[in-house]
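Open the structure in your viewer and get ready to select a few residues at a time. We will go step by step, and each stop says what to look for.

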Amino acid sequence: MGLKYNHYSTKSIASNKFLSLRTSTILTTTLFIASLVYLFSPSRNSQEPHLLDHQGGLFRGDLRDAKFPWNKLSFGPNSEKLKLAVFSKTWPIGADPGGMERHAFTLYTALAARGHDIHIFTVPSDRKFHKDIHVGNLHVYFAANNHGSLNCSLAFDIFDQENRARPFDYVHTESVTLPHWRARFVPNVAVTWHGIWYEIMHSKLFQELFEDHNGQLSSGPMTELQEAMPKLVDEIKFFSSYTHHICISNSAGEVLVNIYQLPQRYVHVILNGIDETKFVHDPISGSDFRQKIGIPSNISLVLGVAGRLVRDKGHPLLHEAFSFIAKRHPGVFLIVAGSGPWGKRYAELGQNVKVLGALEPSELSKFYNSLDVFVNPTLRPQGLDLTLIEAMHCGKPVLTPNYPSITRTVVLNEDFGYTFSPNVGSFIEALESAIKDGTAVLQKKGMLCKSYALSMFTASKMALAYERFFLCMKNTRYCQYPLPTDF
């Protein structure tokens, strides 16, 4: 007996498709609202047992049970040296490196400087041909395909050769650079997540809500929203292919335990750090930078933004908010550092805006020091933006969206700056608050930011935390804290 053929009219098919689309949209929106309630509600894990002071000096026990960033602890010197394999999406070459690239460079050069044998399998960020890099203990192998992206098979072949010569103590991958289907066959592997689909979904939601705030519904982000849930489910399924998971914010760690349902002992939080010797509070260099780029001396307040000038970084939001602010407060100035399509639109705002383009790394600290407030308008509630940390090291308060990855890790309260919901009205209110407070209050907030950043977000503290993590993975003796050598 054959299959029964069901005939549907064109009208019926169109109706069913419409109903299916509507149902999918409603279901997706409902799930997003439910997840937002979870995302922005006070965490049940926000209390940190056994950690009663800012430095974490009272914590004693197994580090794998820690429910707080390892950066809060003080790790002592270590004589044991490791051989580590690293899979990284790109390696910074030239100006204007991205956040992940700067993180990778900072972390692995610091670990190599501490005597560990570091082997990185990656591609150049400029997608051009470069020879492999071998400097001291740092070995960078470029394994690109014809399009400049990572050739995973080639990278794994080089990894295999190095592993046969002398086995690696541990393998580390930046996000999914080492695919989950290969990670299953690597016994000792940890992954650092710089963004997860649970967070990406909310990013797409915020972009859709912003684009629809004028009443015109756009189809692009909504389609992406409908596609996001299956991708999230798929991601949750393959996450267990990696042995240990390192998150760069407290909120991401909570999501991996509570939503992705990974065992608490396999989820760890190590915050990003930046080179504290390159980003320092230096008012003189800031004043010189203002003069160099031509900031008028009669300006009452200088705001600044840095990074890629694209939609998902929130530049449509800042553009609209500052257009309003510039009319109400003609003494407020905006410096824009970065490259992207929104650079031209900022330049069209008039004499209160200066667009600098992409800055050389050596210029970034001067840029931050020239500001009164650093603004991060991002529509991406994921990862831990290095620009916030860099500005804080330079003694500047920050103005940023109130995403959990930020408010639970970086801007803990109003002493560090200003937060807003990712919409124009809330953004303008936060800008008005900063303007009303004035430079004296902003300088006081900036000094608190500097002190907090030095206690948490330094390259040395990040490197020590990762070093201890890898040692703990190799030998459980190092999982105990404190050791006699710890401070």
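Start by selecting Lys83 and Asp117: Lys83 stands opposite Asp117, which belongs to β3. Keep in mind that you are looking at a predicted model. Now widen the selection to both strands, and you will see β2 and β3 paired in the parallel sense, with five bridges between them.

Next, stay on β3 and colour its residues by burial. Six of its six residues are buried, so the strand is mostly covered. Show the side chains too: Asp117, His119 and Phe121 point one way, while Ile118, Ile120 and Thr122 point the other way.

Then move to the partner β5. This strand runs parallel to β3, and five bridges join the two. To find your place, pick Ile118 and look across to Leu138 in β5.

Now select residues 152-165, which form helix α3. The helix has 14 residues and reaches 20 Å from its first C-alpha to its last, close to the 20 Å expected. Which residues of α3 are buried? Highlight Cys152, Ala155, Phe156, Ile158 and Phe159. They cover an arc of only 160 degrees around the axis, which means that they sit on the same side of α3.

Finish at the start of α3, where a side-chain oxygen of Asn151 comes to within 3.2 Å of the backbone nitrogen of Ser153.

How values were computed: Residues numbered from 1 in each chain as written. Predicted model: local features only at pLDDT ≥ 70, side-chain atom pairs only at ≥ 80, totals over all residues. Heavy atoms only, no water. Helix = DSSP H or I, 4+ residues; strand = E, 2+ residues; numbered from the N terminus. Expected span 1.5 Å × (residues − 1). Buried < 20%, exposed > 50% of the residue type's maximum accessible area, 1.4 Å probe, protein only. Arc of directions from axis to C-beta. Polar contact = N/O pair within 3.5 Å; in protein donor to acceptor, adjacent residues only side chain to side chain. Pairing = 2+ DSSP bridges.
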